Amino acid sequence: MPIPERTRQLYTRLARGALLGGLTLLVVGVPTDIIDTPLFSREIPVRWWEYPVLAATAVLTAAWFAIQRPPTSEGSDRKPLAGVLLTVFAVGCPVCNKLVLVALGTSGALSVWAPLQPFLALIALALLIVAVGQRRRRRDCSDRTCGDSRSVRKNAQKNQKKLPSATATQ
């Protein structure tokens, strides 16, 4: 029994989202040493809020890639990039970031940069949430593969209106 086209497209989008969400988890988590590996080390221990920020970043990135693409005439597909990059700066070790050390020094990294990082994390997550919302609103539903509740209800209402007239003629 062949898999219907709509189901195949859904599975493809979900697989793409899961793959790229996992890749985001590794690309952000390994260099910032939130995911502990022998490749990188941290001078400052991981703070409690960095774990949920990393997880939310991976989930939102996966959601963005799993949502059906908008029509090709609308905008670019680079929306989550700013949020993911900002997450790297938000969850990274404040004294391990060479750019921050050059600009502020070690004491500035700890006294100025470290207190700003939770706010950067909130901004990064807000950017990702907006990107997911925009992608969801702009997705291509012309082939009725979106399956949101409004289109399902409209189709059900249309089918109910057609049903009595079909039974009356028989």
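1. Quick terms first: a residue is buried at under 20% relative accessible area, exposed at over 50%, and partly exposed in between (1.4 Å probe, protein chains only). By that cut-off, Glu50 and Arg42 are both buried.

2. A word on provenance: this is a predicted model, where local features need pLDDT of at least 70 and side-chain atom pairs count only at pLDDT 80 or more, while totals for chains, interfaces and linings use all residues. Residues are numbered from 1 along each chain as its sequence is written, and side-chain values use heavy atoms, with hydrogens and water left out.

3. Overall layout: the chain has five helices and zero strands, in the order α-α-α-α-α along the sequence. Helices here are DSSP runs (H or I, at least four residues), strands likewise (E, at least two), numbered from the N terminus. Of the 170 residues, 32% count as buried. Taking contact as heavy atoms within 4.5 Å, 72% of the contacts between residues at least 6 apart in sequence join residues at least 24 apart.

4. Helix H1 covers residues 5-29, 25 residues in total, and reaches 35 Å from its first C-alpha to its last, close to the 36 Å expected (1.5 Å times one less than the number of residues). Its buried residues are Arg13, Gly17, Gly21, Thr24, Val28 and Gly29, and they pack against helix H2 (50-66) and helix H3 (80-91).

5. Thr57 is worth a look. This residue sits in helix H2 and is buried, at 0% relative accessible area. Beyond its neighbours within four places in sequence, Thr57 touches Thr24, Val84, Thr87, Leu125 and Leu128. With Thr87 there is also a side-chain to side-chain polar contact at 3.3 Å (a pair of N or O atoms within 3.5 Å; within protein, one must be able to donate a hydrogen and the other to accept it, and residues adjacent in sequence count only if both atoms are side-chain atoms).

6. Now the charges. The structure holds three salt bridges, each a side-chain nitrogen of Lys or Arg within 4 Å of a carboxyl oxygen of Asp or Glu. One joins Glu5 and Arg8 (2.5 Å, N to O); both lie in helix H1, three residues apart, about one turn of the helix. Glu5 is partly exposed at 42%, and Arg8 is partly exposed at 41%.

7. Back to Glu50: its side chain meets Arg42 at 3.0 Å, N to O, and Arg47 at 2.5 Å, N to O. Arg47 is buried, as is Glu50.
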